[in-house]
Amino acid sequence: TLWMAILMGIGVWHLGWENHRLYFAKLSALSCGVPGPYNYSLSGIVQNAYYGNILNYDQIPAQTPSGLCAFNKVLGFAVYLGVLSILLKRNQRGDILWDMVVMSLVTLLIAPFTWRHYYVLEILPLFFVWFFLKAGKFARPGWVLLVASVCTLATGTRYPDYLQTHLTIGPMRVFLVALLPLSALILMATLLFAYKPELEPAY
């Protein structure tokens with residue numbers, strides 16, 4: 001906090017307050033999320049679905065409707081509290097690695113704006129699933145294998161993003177852009193409900 005205050009003071013001293021005012025105004029606008037093809041969070045899905053299409057940069061409105069902004073914030077808070085309550089209930093043994101992999105996905109999903117390259121964080125959950133699936137730590141391993149395969153492919157390819165630029169059907173374009181955050185959501189649900197922390201790995 002001290003270093004942030006010092007750096008902020010130096011910035012205001014050298015650049016003036018107006019630059020910082022504009023910066024904080026932009027942060028405030030981004031706190032509601034932004035529609036378009038590059039927001040891969042839950043708020044991005046909601047906003048794209050609200051507009052019924054993938055907006056280009058020149059079509060993106062300057063302000064998010066207040067009701068939509070409030071809905072996205074409540075949704076993010078509800079997802080966070082829901083995941084936290086499930087972890088507190090199921091993770092009685094204090095498996096820190098399990099906490100980390102789940103919360104890395106929560107971070108991606110509830111952020112108001114998530115670029116695609118942020119999904120490098122999904123590598124840890126994917127490794128976790130693949131390794132512990134082999135170790136017999138998941139219920140219904142056939143289903144978990146399918147989920148892990150689909151989520152790995154969704155994260156590792158941009159073909160749906162490229163395809164949506166050639167389509168004119170709005171809902172289909174929204175779905176294709178939403179595939180990445182939806183895969184993270186499915187992976188998170190799999191980690192929460194199919195992982196068996198009470199069992200020791202069968203090496």
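Me: Contact means heavy atoms within 4.5 Å. With that rule, which residues of α5 meet α6?

Reply: Leu97, Trp98, Met100, Val101, Ser104 and Leu105 are on the α5 side. Leu124, Pro125, Phe128 and Phe132 face them from α6. One caution before going on. This is a predicted model, in which local features need pLDDT of at least 70 and side-chain atom pairs count only at pLDDT 80 or more, while totals for chains, interfaces and linings use all residues. Residues are numbered from 1 along each chain as its sequence is written, and side-chain values use heavy atoms, with hydrogens and water left out.

Me: How many helices and strands does the protein chain have?

Reply: Elements are DSSP runs numbered from the N terminus: helices are H or I with at least four residues, strands E with at least two. Here the count is 9 helices and 0 strands. The order from the N terminus is α-α-α-α-α-α-α-α-α. The C-alpha atoms fill a box of roughly 60 × 50 × 30 Å along the principal axes.

Me: What share of the contacts links residues 24 or more positions apart?

Reply: They account for 70% of the contacts with a separation of 6 or more in the protein chain.

Me: At what angle do α5 and α6 cross?

Reply: Axes are lines fitted to C-alpha atoms, for helices over the stretch in contact; angles run from 0 to 180 degrees between N-to-C directions. Helix α5 spans residues 96–110, and helix α6 spans 123–134. Their axes come within 8 Å and cross at roughly 135°.

Me: And at what angle do α3 and α4 cross?

Reply: At roughly 145°, with axes that come within 10 Å. Helix α4 covers residues 66–90. Leu42, Ser43, Val46, Gln47 and Tyr50 form the α3 side of this contact. Leu68, Phe71, Asn72, Leu75 and Val79 form the α4 side.

Me: Where is Thr190, and what is its relative accessible area?

Reply: Thr190 belongs to helix α9, residues 170–193. Its relative accessible area is 7%, so Thr190 is buried. Setting aside residues up to four places away in sequence, Thr190 touches Phe138, Val144, Val147 and Tyr195.

Me: Which side chain makes a polar contact with that of Thr155?

Reply: A polar contact is a pair of N or O atoms within 3.5 Å; within protein, one must be able to donate a hydrogen and the other to accept it, and residues adjacent in sequence count only if both atoms are side-chain atoms. The partner is Glu122, at 3.1 Å. A polar atom of the Thr155 side chain also lies 2.8 Å from the backbone oxygen of Cys151.

Me: Where is Thr155 placed, and which residues does Thr155 touch?

Reply: Thr155 is in helix α7, residues 141–156. Not counting residues up to four places away in sequence, Thr155 touches Arg116, Tyr119, Glu122, Leu126, Leu180 and Ser183. His117 is 38 residues from Thr155 along the chain, yet their C-alpha atoms are separated by 9.9 Å.

Note on methods:
Buried means under 20% relative accessible area, exposed over 50%, partly exposed in between (1.4 Å probe, protein chains only).
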